[in-house]
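Please examine the sequence and the structure shown below.

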Amino acid sequence: MNRQITVSLGGSGPYGLTGMIHVINRLWRPLYNERLCLSGGRARALLARKEAAILPDFPAIKQRLLRLVSIGYRRRINSDSLIGPISALPYFEGNRFASGDVEGYIESSPVEEKLIPYEIQRAAILARGVEAFIESLKVAEQLHLAALHEALFRKHAEVTQRVGNAVDAQGKPFSADLYFEMLEKIQVDFDSWGRPDTSGARLVMHPDMAERVVPMMAQWENDTAFQQRYRDLMIRKRNEWRDRESNRKLVD
Amino acid sequence: MIERAIENWLTKTNERNYQAAFCQVLMHEGHRVLFSSSHGPMEQGKDIITIAPDGRCHAYQTKTGDIGLSEWRAIAGEILELIELPVDYPGVDKAQIHRAFLVTNGTISDPVRVQINDRNEDNERKNRQHAYLQVIGRDSLLKSFVDAQGRFVPRELPDMRAFLELYLHEGRGLLPKEKLFAVLDRVAFGEQPIRRSDAVDAITSSLVVVTYLLNAFEQSQDYAAVAEGWAVLASSLVRYLSRHAVAEKHWRASLDLVVGEVSAKLTLLRADVISRADFLEGDIRVDGGLLLGARTLIVLGLLAFNELWRPQNRPPGLDEAVLSLVRQHLARRFVWGDSAFPYLFHIIRFLEARGENAIALDQLGQLFVSVINSNVAAQGPIFPGPYYYWVIKNKLM
């Protein structure tokens, strides 16, 4: 998943300013790109009062402030436990993406755009300056993250269904059997010491469900039968990993 | 390169912007400029009034862009006033028919030239006693400005760089005053005048240079920056005149023209600021705070200076408006350092002049405390030496 974010602004009036953070999602692989642009020619042009005199201004300082706000915004988006670990790369051109997997499946995805609105009151800027802008972006951050989560889960569901990795609980409650069924479906790599690398794995669930599942998982840590089953699974996964590594084509 | 720069500026600018330079060119040709309008309603078709070297009165109507038949019809009323109404100015003989000029930085189409010729001939044939209308188009203007620029062009690379940076400035932000000073100091006023005409040429050149170097700020209507630019020229000019003891008759009219531009721009700034609800500017998302405070101090300082300066030219009824602005916005002002002091100084003087001594004293007190605190923070407490203690004890107490 690749994202480009630019800003398009609704304009500046006597009472404040409404704007949009323009998010372009390019869904093609479990990576995303992000370019957060809170400044730029279009933004400046829209914000400038047309056909009117101007007062002394400090565009260089403002550009730097905008950059700092932009960096802060991006950091807060990246601090999300789900979105943050996903690598980001910038893409500057094209409106479609194509990607292929090891089985030769080629997927082509169009650009997806999302507009995240934000609003600043003129009175708030007069009273608090740039802090008012940063506060107004906090609402936008939540909307932005919600949009990213929605896109991530949607794409995740598509991909797992397609490759047959989806596990349907069929209404049954979460259990150790379901958990092992899930683990069976995923590919696990191992480090040079032979330890499973599950740093990329995430269990995402509704908070209500988490209330039940988290204590249950804590109990599993002391359940010898569970632990034995887990070790057996990991031995099998390690053998699969060794086979994969043995058959891996090395780059010249 | 300079010719191209002047041509580029001339084609993009408007009559308000090239008027001062044109006046200076006329003065360089021996005219005495009596009047240069700020394009108000009292012009009677005459933006500039001069007395030519032959003693005849000249009246100029300045325009922007190409003049075809449709533009000609749109300005017909002003042209009629220009040629029909006598020059109404103290010292000008109304009985004498003046010479009328239509000036534009564009071209004048052939059908319009034919109409002007026909009208001039018809007026003469019927002995109407109207002024004879002549035309000054872009090519003539360009030649005048290039000639006025003369030999005063940047030659060294740093000067050329400063010149181009000013000329190509986007017109937003503070005027780079040090660059303008440097260009004037090294290019226009860099050489010691040997002949009388050298000083006159330098003055003329400086005015033309500043007119087009400030063009970007003129186009964006940043009146504060333009006023400061003209003030930079005024101070550079005064330094040059003092240094080389140039006789007053050679510079008085030019300096008046420059000072008049400062006043005109500050008056435009005042009109704009009075119409605003607040001083937010540009990209307001990152405005406010210290930036708003600094802007508030600059604007109020310039307005206060303008109110104190040349009070006879101040339109009636605006005093209260500026005082009200100062009262309303002064709390937001931010003093960033030494260079902020002149703005604060004029505000304090303005408040004192308007009887607001309490506010003025409060500002002075805040300034005093700030200076003491910042010095103590930088150097720690400093006690007067025994000599000063003795002087204070024995002489003052």
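This is a predicted model: local features need pLDDT of at least 70, side-chain atom pairs count only at pLDDT 80 or more; totals for chains, interfaces and linings use all residues.

Residues are numbered from 1 along each chain as its sequence is written, and chains are lettered from A and ligands numbered from 1 in the order in which they are written.

Where chains A and B meet, 27 residues of chain A and 29 residues of chain B take part; two residues are in contact if their C-beta atoms, placed from the backbone, lie within 7 Å. On the side of chain A that touches chain B, H2(A) gives the most, with seven residues. Helices here are DSSP runs of H or I with at least four residues, numbered from the N terminus. That side of chain A comprises 20 nonpolar, two polar and five charged residues. Ala, Val, Leu, Ile, Met, Phe, Trp, Tyr, Cys and Pro count as nonpolar, Asp, Glu, Lys and Arg as charged, and the others, Gly among them, as polar.

Chain B is divided into domain 1 (2-149), domain 2 (150-275) and domain 3 (287-397), with bounds from an automatic or database domain assignment. Nine residues of domain 2 of chain B and eleven residues of domain 3 of chain B form their contact. To the side of domain 2 that touches domain 3 in chain B, H12(B) gives the most, with seven residues.

B:Ile347 touches B:Leu300, B:Gly301, B:Ala304, B:Val326 and B:Gln363, not counting residues up to four places away in sequence.

Terms used: Helices (H or I, at least four residues) and strands (E, at least two) are DSSP runs, numbered from the N terminus.
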